[in-house]
Amino acid sequence: MACAFSRPGRFRQDGSGSVAVITALVFPILIGGMALGAEASFWYLSQRKLQQIGDLAVYAAAVQKRSGRDETAMHGAAVTAAHASGLDAGADELTLHPSPVSGAFAGRDDAVEVRLVRQQERYFSLIYSDRPVTMSARAVAQIREGADACVLALDPSGGGAITVSGSSSITFDGCDVAANSAAKDAFDMQGGRAELTTGCVSTVGGADITSNLTMRDCASPRTEAPAVRDPYADVPEPPTGLTCERQAKVGSGNGVPRVVPTTQLPDGTKVKCYQGGPSIKGDVTFDPGLYVIEGGTLSINANSRVFGEGVTFHLRGGASLAFNGGASIDLTAPATGPYAGLLFFGSRDDSGVDHTINGSAGSRLAGAVYLPSGSLGYSGNFTGSGGCTQIVARRVEFTGNSTLDVDCTAAGTRRIAVRQTIALVE
C-alpha cells in the first residue's frame with residue numbers, strides 16, 4: 001500500500017520540467033513582443049516628427065507664394081525648411097502642390113500642399129520582416145487675406161521707394177500703401193508739411209515718417225513686413241511687329257477728336273499703334289481698345305479734355321507718360337479681356353523711365369497705373385474721384401494733393417493684397 005501512495009509524488013517532481021519547456025517556448029515571443037512594442041513607439045515618434053517637418057515645409061512654401069514667387073521658389077523653400085528640420089534626403093521624399101490636390105482646399109489658389117513619404121528602417125522588428133515601414137505626412141497652409149492696397153512700389157532695395165514730399169496732402173480712401181524695398185527708408189515722408197492719410201503703411205524694410213502720417217488701421221507702420229505680390233506679373237505684354245503710325249498731335253484742335261483702333265489681335269482685342277507719341281491737345285475721345293505707344297511721350301497738354309472707356313495704353317521702347325497740370329482726364333480700363341483692369345501698362349523691359357501724372361480736380365483714372373520698371377511722379381490737384389485707381393510701379397513719388405479710392409468692385413482690377421496671414425489648415 002505504501003508503494004501505491006508514492007506515485008503522486010513522482011508526478012509532482014516531473015511537473016517542474018514541463019514549466020521549463022513552456023518558459024522556453026514563451027520567452028522568445030515575450031521578448032519579441034516587447035521589442036515590437038518599443039519599436040512601434042519609435043515609429044509613432046518618427047511619424048510625429050515627419051508631420052512636424054511637413055508643417056514647417058508647407059509654411060515656408062506659403063511664405064514664398066504670398067510674395068508672388070513661382071513653384072520653383074516655393075519648392076526650394078519647402079525643401080530647405082524640411083532638411084533643416086530633419087528630412088532625410090536619402091530616405092524621404094517631398095512633393096509640393098502649389099494648389100492642394102485633395103481635401104477641403106483642393107484646387108484653391110490661396111493654399112499650398114506638401115506631402116512627405118518616409119521609408120523607415122526596421123531594427124528589432126527585423127525578425128518579422130526586412131521591408132522598411134512606409135510612413136506619410138500631409139500638410140496644407142492657407143494664405144488668408146488681410147486688406148487691400150492702392151499703391152505698391154516694387155523696387156526691392158532702393159530708399160524712398162514711396163516718397164511723400166513738398167506740401168502734398170494725400171488721402172488713400174479704404175486702402176494701404178506698401179513698399180517691397182528692404183531699405184531702412186523704403187517709405188519716406190520728407191519735410192514737415194507733407195500729409196498722408198491711409199489705412200496702413202507696410203514695408204519690407206523701414207519707414208521714415210513725420211507726425212503728419214495718419215493711419216486708420218495701424219498704430220505704427222508695419223516694417224519688416226513680407227513682400228507684396230505683384231498682382232499683374234503674369235499679364236503678357238502685347239505682341240510686337242504691329243504697324244504703327246506717326247501721329248504727332250491728336251485732339252479737336254488737330255481734326256482728330258475721336259481715336260478708333262484700326263486692327264485686331266488674334267485674341268479679339270482691337271488695337272492701334274503709335275510710333276513716338278502722340279501729343280494730345282484739346283478734346284479727344286478714345287474708343288475701347290488697346291493703344292500701343294512705341295517710344296516718345298504720351299503727353300496730355302494743359303486745358304485738354306481726354307475721355308475713354310475700356311482703354312489700355314501700353315508703353316514700350318522707352319515711352320513715357322507726361323500729363324500736364326490743368327488737363328481734365330476721364331479714363332476707364334476694360335473690365336474684361338486680357339488687359340482687364342489695366343489703364344496704363346509699362347513694358348517690364350523699360351527700366352529707368354520716368355513718368356508724370358498731373359491732373360485737375362475732378363479728373364478720374366479708373367484702373368491700374370502699372371509701370372513695373374518705371375518711376376511715377378504723381379502730382380497736382382488730382383482727385384481720382386468716382387472710381388478705382390491703383391498704382392503699381394517700381395518707385396512712386398507724391399508731390400501734390402491727391403485722393404485715391406480702392407472701391408474696385410466693377411473696375412476689373414486685381415487685388416493688391418496686404419497684411420496677409422498664413423495658417424496651417426490641414
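**Close-up 1. The C150–C175 disulfide in a predicted model.** C150 and C175 form a disulfide (a pair of cysteine sulfur atoms within 2.5 Å), and their sulfur atoms sit 2.0 Å apart. C150 belongs to strand β4 (residues 147-153) while C175 is in the loop between β6 (169-173) and β7 (176-179), so the bond ties together parts that are 25 residues apart in sequence. As for what counts as a secondary-structure element here, helices (H or I, at least four residues) and strands (E, at least two) are DSSP runs, numbered from the N terminus. The torsion about the S-S bond is 55 degrees, and the link of C150 and C175 is right-handed. Both C150 and C175 are buried, where buried means under 20% relative accessible area, exposed means over 50%, and partly exposed is anything in between (1.4 Å probe, protein chains only). This is a predicted model, so local features need pLDDT of at least 70 and side-chain atom pairs count only at pLDDT 80 or more, whereas totals for chains, interfaces and linings use all residues. Residues are numbered from 1 along each chain as its sequence is written, and side-chain values use heavy atoms, with hydrogens and water left out.

**Close-up 2. The disulfide that joins C200 to C218.** Here the S to S distance is 2.0 Å. C200 lies in the loop between β9 (195-198) and β10 (201-203), and C218 in the loop between β12 (213-215) and β13 (244-245), so this pair ties together parts 18 residues apart in sequence. Which hand does the link have? With a torsion of about -105 degrees around the S-S bond of C200 and C218, the disulfide is left-handed. C200 has 0% relative accessibility, so C200 counts as buried. C218 comes in at 14% and also counts as buried.

**Close-up 3. The disulfide that joins C244 to C273.** The sulfurs of C244 and C273 are 1.9 Å apart. This pair links distant parts of the chain, with C244 in strand β13 and C273 in strand β17 (residues 270-275), 29 residues apart. The link of C244 and C273 is right-handed, with 65 degrees about the S-S bond. C244 has a relative accessible area of 23%, so C244 is partly exposed, while C273, at 4%, counts as buried. How many disulfides does a search of the whole structure find? The search turns up 3.

Close-up 4. As background, most residues other than glycine have a negative phi. E224 is found in the loop between β12 and β13, and at 70% relative accessibility E224 counts as exposed. N303 also has a positive phi, near 70 degrees, and N303 is likewise a residue other than glycine. Look for N303 in the loop between β21 (297-300) and β22 (305-309). With a relative accessible area of 67%, N303 is exposed.

Close-up 5. G68 is found in the loop between α2 (7-66) and α3 (71-84).
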